[in-house]
Amino acid sequence: MRKKFDKEFKRKAVELSYARGNASEIADELGIDRGLLYRWRKEFSQYKDNSFPGHGIPKMTDLERENARLQKELREAKMERDILKKAISIFSVNDGKSTNL
């Protein structure tokens, strides 16, 4: 059975391994696999504060997170635009007026 480690434990283990300079020794002291600690170190060096999100949440850099937010905002704006176009079309037909000049 795999142990689950919380974000704070992982962060402290990584910080300790860098402070002491010997990740293998720290892994042994903490009772975790060396490969696991090295994986945590790699993740932390790549994603910094976005590391170890847990629960299947994808890891993203700040730039990736902002990009995802902007893409979502663009999708929503396009959907609103399409709804407004349809509404204008419906109201134009009902008024008997044409928007084409």
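Biologist: What hand does the crossing of H1 and H2 have?
Modeller: H1 passes H2 in a right-handed crossing. Keep in mind that this is a predicted model.

Biologist: And what about the angle between H1 and H2?
Modeller: Their axes cross at roughly 140° and come within 8 Å. An angle over 145° would count as roughly antiparallel, so H1 and H2 are oblique to each other.

Biologist: Which residues of H1 and H2 meet there?
Modeller: From H1 you have Phe-9, Ala-13, Leu-16, Ser-17 and Arg-20. From H2 they meet Ala-23, Glu-25, Ile-26, Glu-29 and Leu-30. By class, that contact of H1 with H2 has 6 nonpolar, 1 polar and 3 charged residues.

Biologist: OK, on to H2 and H3. How do they cross?
Modeller: The axes of H2 and H3 cross at roughly 120° and come within 9 Å. Roughly perpendicular runs from 65 to 115 degrees, so H2 and H3 are oblique to each other. Their crossing is right-handed.

Biologist: Who makes the contact between H2 and H3?
Modeller: H2 brings Ala-23, Ser-24, Ile-26, Ala-27 and Asp-28, and H3 brings Arg-34, Leu-37, Tyr-38 and Arg-41. Sorted by class, the H2 and H3 contact has 5 nonpolar, 1 polar and 3 charged residues.

Biologist: That leaves H1 against H3. What's the angle there?
Modeller: About 95°, with the axes of H1 and H3 9 Å apart. An angle from 65 to 115 degrees counts as roughly perpendicular, and H1 and H3 are therefore roughly perpendicular to each other.

Biologist: Which residues of H1 and H3 are involved?
Modeller: On the H1 side, Phe-9, Lys-10, Arg-11, Ala-13, Val-14, Ser-17 and Tyr-18. They meet Leu-37, Trp-40, Arg-41, Phe-44 and Ser-45 of H3. That contact of H1 with H3 has 7 nonpolar, 2 polar and 3 charged residues.

Biologist: Where does Arg-11 sit, and what does Arg-11 touch?
Modeller: Arg-11 is in H1, which covers residues 7–20. Leaving aside neighbours within four places in sequence, Arg-11 is in contact with Phe-44, Lys-48, Asp-49 and Phe-52.

Biologist: Let's switch to the core. Which residues make up the largest nonpolar core?
Modeller: There are 11 residues in all: Ala-13, Val-14, Ala-23, Ile-26, Ala-27, Ile-32, Leu-36, Leu-37, Trp-40, Phe-44 and Phe-52. H1, H2 (23–30) and H3 (34–47) each supply at least two residues of this core.

Biologist: Which helix gives the largest share of this core?
Modeller: H3, with 4 residues.

Biologist: And why would residues like that group together at all?
Modeller: In soluble globular proteins, nonpolar side chains tend to be buried together.

Biologist: What does Ile-32 touch?
Modeller: Ile-32 touches Phe-5, Phe-9, Ala-27, Leu-37 and Trp-40, not counting residues up to four places away in sequence.

Biologist: Zooming out, how many helices and strands are in the chain?
Modeller: The chain has 4 helices and 0 strands, so by the DSSP runs the order from the N terminus is α-α-α-α.

Biologist: And how much of the chain counts as buried?
Modeller: 20% of its 101 residues. As for contacts with a separation of 6 or more, residues 24 or more positions apart account for 32% of them.

Technical notes:
Residues numbered from 1 in each chain as written. Predicted model: local features only at pLDDT ≥ 70, side-chain atom pairs only at ≥ 80, totals over all residues. Heavy atoms only, no water. Contact = heavy atoms within 4.5 Å. Core = buried A, V, L, I, M, F, W, Y, C linked by side-chain atoms within 4.5 Å. Buried < 20%, exposed > 50% of the residue type's maximum accessible area, 1.4 Å probe, protein only. Axes fitted to C-alpha atoms, helices over the stretch in contact; angles between N-to-C directions. Parallel < 35°, antiparallel > 145°, perpendicular 65-115°, else oblique. Left-handed = near helix turned anticlockwise from the far one by under 90°. Nonpolar A, V, L, I, M, F, W, Y, C, P; charged D, E, K, R; others polar.
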